[in-house]
Amino acid sequence: MSQIKPIFPKPPDGVREKRIESRFPSMSEIEVSWIDAVGNVKSAEARVLNSSDHGLGLKTPTRLSTNQMIWMRDIAGELVKAVVRFSRNHDDGDWQTGVRLVPQEKRATGRDPVRGAAELKWPGPTGSTSSMVVRVVDLSENGAGVLAPRALPEGQFVQLIGDQFECFCSVRNSREVDDGCVRLGLMFSREPHDRSRGVTAEWID
């Protein structure tokens with residue numbers, strides 16, 4: 001496994017804590033995404049209270065379940081996985097949430113603990129890349145259906161990336177479903193790349 005690097009800068013020399021793993025104060029704001037109990041993709045803004053080499057202390061607007069897999073965007077704009085260790089009610093009504101970062105595995109057979117979770121990337125109007133976490137709910141030879149937190153315009157060119165699967169697609173349709181989620185219909189623009197055998201069966205619910 002590759003070593004996790006801190007996703008937030010450390011403070012100046014001389015700042016120390018008595019904890020086994022030192023944490024450093026931070027007031028950064030990040031976007032957190034997760035898949036809820038019924039399979040919908042949720043996103044919220046969170047504030048980073050402190051950080052260490054292997055975890056973060058967050059202030060979230062909602063309670064996150066212990067052992068819940070979440071995704072956060074680091075300072076380079078990449079999505080970083082983490083697991084919720086605890087989520088306690090804060091004095092002002094928000095939740096104090098501790099998460100541990102998940103190292104990325106080098107093996108080709110590494111799988112996401114959340115079945116069907118993937119990342120969708122697309123070029124922005126200024127040339128920068130935008131992305132969001134989605135849940136793949138069906139997959140065929142010609143395309144895929146995903147649940148997303150927001151809609152994309154028809155014809156938008158996107159890249160769908162999972163631990164064992166990646167492909168370039170165009171958005172065929174977009175419709176709102178239950179609980180504010182959006183279902184996107186994607187059509188493959190070129191032959192998908194399978195990172196291991198039997199991927200299609202694993203991604204179909």
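S33 touches K42, S43, I70, W71 and V133, leaving aside residues up to four places away in sequence. A contact here means heavy atoms within 4.5 Å. S33 lies in strand 2. At 5% relative accessibility, S33 counts as buried. The cut-offs are these: buried is under 20% relative accessible area, exposed is over 50%, and partly exposed is in between, with a 1.4 Å probe and protein chains only. The side chain of S33 also makes a polar contact with the side chain of S43, at 2.9 Å. A polar contact is a pair of N or O atoms within 3.5 Å; within protein, one must be able to donate a hydrogen and the other to accept it, and residues adjacent in sequence count only if both atoms are side-chain atoms.

A word on the model comes next. The model is predicted, so local features need pLDDT of at least 70 and side-chain atom pairs count only at pLDDT 80 or more, while totals for chains, interfaces and linings use all residues. Residues are numbered from 1 along each chain as its sequence is written, and side-chain values use heavy atoms, with hydrogens and water left out.

Now step back to the whole chain. It has 1 helix and 14 strands. These are DSSP runs, numbered from the N terminus: helices are H or I with at least four residues, strands are E with at least two. Of the 205 residues, 42% count as buried. Residues 24 or more positions apart account for 53% of the contacts with a separation of 6 or more.

Where do the nonpolar residues gather? In soluble globular proteins, nonpolar side chains tend to be buried together. A nonpolar core is a set of buried Ala, Val, Leu, Ile, Met, Phe, Trp, Tyr and Cys residues joined through side-chain atoms within 4.5 Å. The largest core here has 21 residues, and L120, L160, L184 and L186 touch the most other members. Strand 8 (117-123), strand 9, strand 10 (143-148), strand 11 (157-161), strand 12 (165-176) and strand 13 each give two or more residues to this core. Take L186. Beyond residues up to four places away in sequence, L186 touches a list of residues that includes L120, A144, V146, V158, L160, C169 and V171.

How many salt bridges does the structure hold? There are 2. A salt bridge is a side-chain nitrogen of Lys or Arg within 4 Å of a carboxyl oxygen of Asp or Glu. One joins E29 and R47, with the closest N and O atoms 2.7 Å apart. This pair links distant parts of the chain: E29 is in strand 2 (residues 29-35), R47 is in strand 3 (residues 41-51), and they are 18 residues apart. E29 is exposed at 56% relative accessibility, whereas R47 is partly exposed at 28%.

R183 and D138 form a salt bridge as well, at 2.1 Å from N to O. R183 lies in strand 13 (residues 182-188) and D138 in strand 9 (residues 129-139), so the pair ties together parts that are 45 residues apart in sequence. R183 is partly exposed, at 24% relative accessible area. D138 is partly exposed, at 29%.

Next, the rings. A pair of aromatic rings is described by the distance of the centres and the angle of the planes. Rings of Phe, Tyr and Trp (its six-membered ring) pair if their centres lie within 6.5 Å; planes under 30 degrees apart count as stacked, over 60 as edge-to-face and the rest as tilted. The structure holds 1 aromatic pair. F157 and F168 are stacked, at 5.7 Å centre to centre and 5° between the planes. F157 is in strand 11 and F168 in strand 12, 11 residues apart. F157 is partly exposed at 37%, and F168 is partly exposed at 26%.

Is N67 buried or exposed? N67 is exposed, with a relative accessible area of 61%. N67 lies in the loop between strand 4 (55-60) and strand 5 (69-73). Its phi is near 75°, a positive value in a residue other than glycine. Q164 lies in the loop between strand 11 and strand 12. Q164 is buried, with a relative accessible area of 4%. Q164 and A118 are 46 residues apart in sequence, and 9.7 Å apart in space from C-alpha to C-alpha.
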